[in-house]
Amino acid sequence: MVDFAATAVVFVVSLAVLLYASAVFTSTIERIGLALGVSPFVVGATVVSAGTTLPELASSTFGVLAGESAIVVGNVVGSNVANIFLVLGLAAALGGGITIDRELVRVDLPLLVASAAFVLFTTWDGTFAWYEGALALAGLVVYVTYTLQEPRRLEETVEDVLEGQVGAPVDVDPTADPTEPDSATAVAADVSISARTVLTSVAALALVIASANFLVQAVLDLAASTGVATEVVAITAIAIGTSLPEIAVGAAAVRQDTPGLAVGNVLGANVFNAFWVMGVPSFLGPLSVSTSLRAYALPAMLVATLLYFFITQDRVITRYDGFALLLLYAVFVVNLFSFT
């Protein structure tokens, strides 16, 4: 008999360690990349977004290794729905509304809808195979490549990365000549790495691996003790837990009176979830997709994405939209148990 209380404690502790270790690993990899001469804009478009979704990737990978590949799709679907309904809802409701950049409406949101449609289409037969994972990673390359062609879109991200590494505020001009002293590349040239940085990254990665393993085992034990399907635990508990970095970014954006930052963060995280978190684990074995996921959760993810697309066409997410999104998330979770 599984001890529910003990398992719940293991779940919470392993999730907390996973989130902390992921943040530390991402920060050290940012520093190593900058010190090796990688463009700050490449770091901003790849390392930052991948680091945000590292908890989802780690837990999904161990889900496949544990023979519970349904955790992967459940995690991706749950995280994407939570990012739209919960993260954006909180940012809009608490921030008094969000103004959307025109470029996001014109290009990024259609790409987000395409990524959600891709996941729904490729999983509709009940499995997600390695060759579909290869297509997902190809889609991710297209997304990152496009992002790098528009450096202005990464200006705030790059400034945050450089500020965190050099320890002082940095004002980045994306159009500046890389050889100029005040350019992002010149600032990044001052970043150095030490043996301690490398050891920290290795230790953080080891913690990510260990905590993700414990997290997945706790999920399996919780599912067994409560009689709830594993993918449902993934859609709810894991998804909300691994979306905490996005929630933290949204909360920080509200405090800084820049809630619009939450929009780009959610968009990038959802695209990386659809392509990166689905793609990598598929090479370890085909991902199974339960009937309940296909009947409710996957269509709900697509509907949430389309709703996100349509409510931003006037380039504003109002406070009332935010409250509506939060209500829709509650409806999603309540109805989820009716389909299992």
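Guide: A residue is buried if its relative accessible area is under 20%, exposed if over 50%, and partly exposed in between (1.4 Å probe, protein chains only). This is a predicted model, in which local features need pLDDT of at least 70 and side-chain atom pairs count only at pLDDT 80 or more, while totals for chains, interfaces and linings use all residues. Residues are numbered from 1 along each chain as its sequence is written, and side-chain values use heavy atoms, with hydrogens and water left out.

Visitor: Is Leu111 buried, exposed or partly exposed?

Guide: Leu111 sits in helix H5, which covers residues 102-123. The relative accessible area of Leu111 is 31%, so Leu111 counts as partly exposed.

Visitor: Which residues does Leu111 touch, not counting residues up to four places away in sequence?

Guide: A contact here means heavy atoms within 4.5 Å. Leu88 is 23 residues from Leu111 along the chain, and their C-alpha atoms are separated by 18 Å. With residues up to four places away in sequence not counted, Leu111 touches Tyr143 and Tyr146.

Visitor: How many helices and strands has the protein chain?

Guide: Helices (H or I, at least four residues) and strands (E, at least two) are DSSP runs, numbered from the N terminus. For the protein chain, the count is 14 helices and four strands.

Visitor: What is the radius of gyration of the protein chain?

Guide: The radius is taken over C-alpha atoms, and the globule rule is 2.2 Å times the number of residues to the power 0.38. For 340 residues the rule gives 20 Å, and the value for the protein chain is close to that, so the chain is as compact as a globular protein of that length. Along the principal axes, the C-alpha atoms fill a box of roughly 60 × 50 × 40 Å. The radius of gyration of the protein chain is 20 Å.

Visitor: What share of the contacts in the protein chain with a separation of 6 or more comes from residues 24 or more positions apart?

Guide: Of the 340 residues of the protein chain, 52% count as buried. Among contacts with a separation of 6 or more, the share from residues 24 or more positions apart is 83%.

Visitor: Why does the pair of Tyr296 and Phe332 have the class it has, and which class is that?

Guide: A search of the whole structure finds six aromatic pairs. Rings of Phe, Tyr and Trp (its six-membered ring) pair if their centres lie within 6.5 Å; planes under 30 degrees apart count as stacked, over 60 as edge-to-face and the rest as tilted. The ring centres of Tyr296 and Phe332 are 5.6 Å apart and their planes are at 15°, so the pair is stacked.

Visitor: Which helices hold Tyr296 and Phe332?

Guide: Tyr296 and Phe332 are both buried. They are 36 residues apart, and their pair links distant parts of the chain. Tyr296 is in helix H13 (residues 291-311), and Phe332 is in helix H14 (residues 319-336).

Visitor: What kind of aromatic pair do Phe309 and Phe310 form?

Guide: Phe309 has a relative accessible area of 19% and is buried, whereas Phe310, at 55%, counts as exposed. Their rings are 5.3 Å centre to centre with 80° between the planes, and the pair is edge-to-face.

Visitor: Which residues does Thr305 touch, not counting residues up to four places away in sequence?

Guide: Thr305 also belongs to helix H13. Its relative accessibility is 2%, so Thr305 counts as buried. Beyond four places in sequence, Thr305 touches Ile84, Leu112, Val113 and Ala116.

Visitor: With which residues is Gln165 in contact, leaving aside its neighbours within four places in sequence?

Guide: Gln165 is part of helix H7, residues 155-166. At 10% relative accessibility, Gln165 counts as buried. Its contacts, with neighbours within four places left aside, are Ser27, Glu30, Arg31, Leu34 and Val191.
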